[in-house]
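Hi,

Here is the structure I said I would pass on. Have a look at it first, and then read my notes below.

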Amino acid sequence: FIKQMDVTLAGQAVIQLNHLIDKMEGVDLIVINKIKKTINHELDWKIEQQTIDTNISGFTALAMTATNYFIKQQGGHLVAISSINALRGSDLAPAYAASKAYISSYMQGLRKKAAKLKLPVYFTDVKPGFIDTDMAKGKGLFWVAPPNKAAAQIVKAISQKRRDVYITKRWRLVAWLIKWLPEWLYHKL
């Protein structure tokens, strides 16, 4: 089953997701992987707005719809692809890093809601580092993972119903360092 949707038109995307779920006669797993990352040296509002419309508004509409569906169904699994960038702000792509932090926080809120309802609805937040795709280009990249390795680790995390997972596994160390790095030192990077 294939359904193309423009997540920046959130209302239409919700209708299309519901239509797809009906056409498939139900689902147990929904993966939301929307990426809008544009380097924004000049802090151009149009660039930031596109990122916000895609990564925040579009994500929220689909995640909310999926969660409501899983609550009604009394079970399911929502997976969101955020980013290692969710951990700290970015000078090159401020809205992108902020939107990925939003995704992680929103997933945590949905997880808490399902826990209070005592329902078997699971939420996995996947935080990839660099994966060898068109998006991961540039100088100074390290620990760039081949797509098949990243995909295998994501599938394993989903099957284990992990809450948070760093892809590849070694990015957990980077995440720890990023979280605890003093701000004055972080600004020098």
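Predicted model: local features only at pLDDT ≥ 70, side-chain atom pairs only at ≥ 80, totals over all residues.

Which side chain does Thr124 join in a polar contact, and at what distance? The partner is His77, and the contact between the two side chains is 2.7 Å.

Some context for Thr124: the residue sits in strand S3. With a relative accessible area of 0%, Thr124 is under the 20% cut-off, so it counts as buried. Beyond its neighbours within four places in sequence, Thr124 touches His77, Leu78, Val79 and Ala80, along with Met107, Lys161, Arg162, Arg163 and Val165.

S3 covers residues 121-128, and Pro128 belongs to this strand too. Pro128 is also buried, at a relative accessible area of 11%. If you set aside residues up to four places away in sequence, the contacts of Pro128 are Ile81, Ser82, Ser83, Ile84 and Ile167. Leu43 is another matter: 85 residues separate Pro128 from Leu43 along the chain, and their C-alpha atoms are 25 Å apart.

The largest nonpolar core contains 22 residues, and the ones with the most contacts inside it are Ile30, Ile32, Phe59, Phe70, Leu78, Met107 and Phe123. At least two residues of this core come from each of helix H1 (10-23), strand S1 (29-32), helix H2 (45-73), strand S2 (76-81), helix H3 (94-117) and S3. The top contributor is H2, with 6 residues.

Finally, the outside. Trp143, Leu173, Trp176, Leu177 and Trp180 make a nonpolar surface patch of about 600 Å². One of them, Trp176, is found in helix H5, which runs over residues 171-180. Is Trp176 buried or exposed? Its relative accessibility is 52%, and exposed means over 50%, so Trp176 counts as exposed.

That's what I have for now.

Cheers

Methods
Residues numbered from 1 in each chain as written. Heavy atoms only, no water. Helix = DSSP H or I, 4+ residues; strand = E, 2+ residues; numbered from the N terminus. Buried < 20%, exposed > 50% of the residue type's maximum accessible area, 1.4 Å probe, protein only. Contact = heavy atoms within 4.5 Å. Patch = residues over 30% accessible without salt bridge, like charges linked within 9 Å, V, L, I, M, F, W, Y side chains within 5 Å. Areas by Shrake-Rupley, 256 points an atom, 1.4 Å probe, with all protein chains shown as cover. Salt bridge = Lys/Arg side-chain N within 4 Å of Asp/Glu carboxyl O. Core = buried A, V, L, I, M, F, W, Y, C linked by side-chain atoms within 4.5 Å. Polar contact = N/O pair within 3.5 Å; in protein donor to acceptor, adjacent residues only side chain to side chain.
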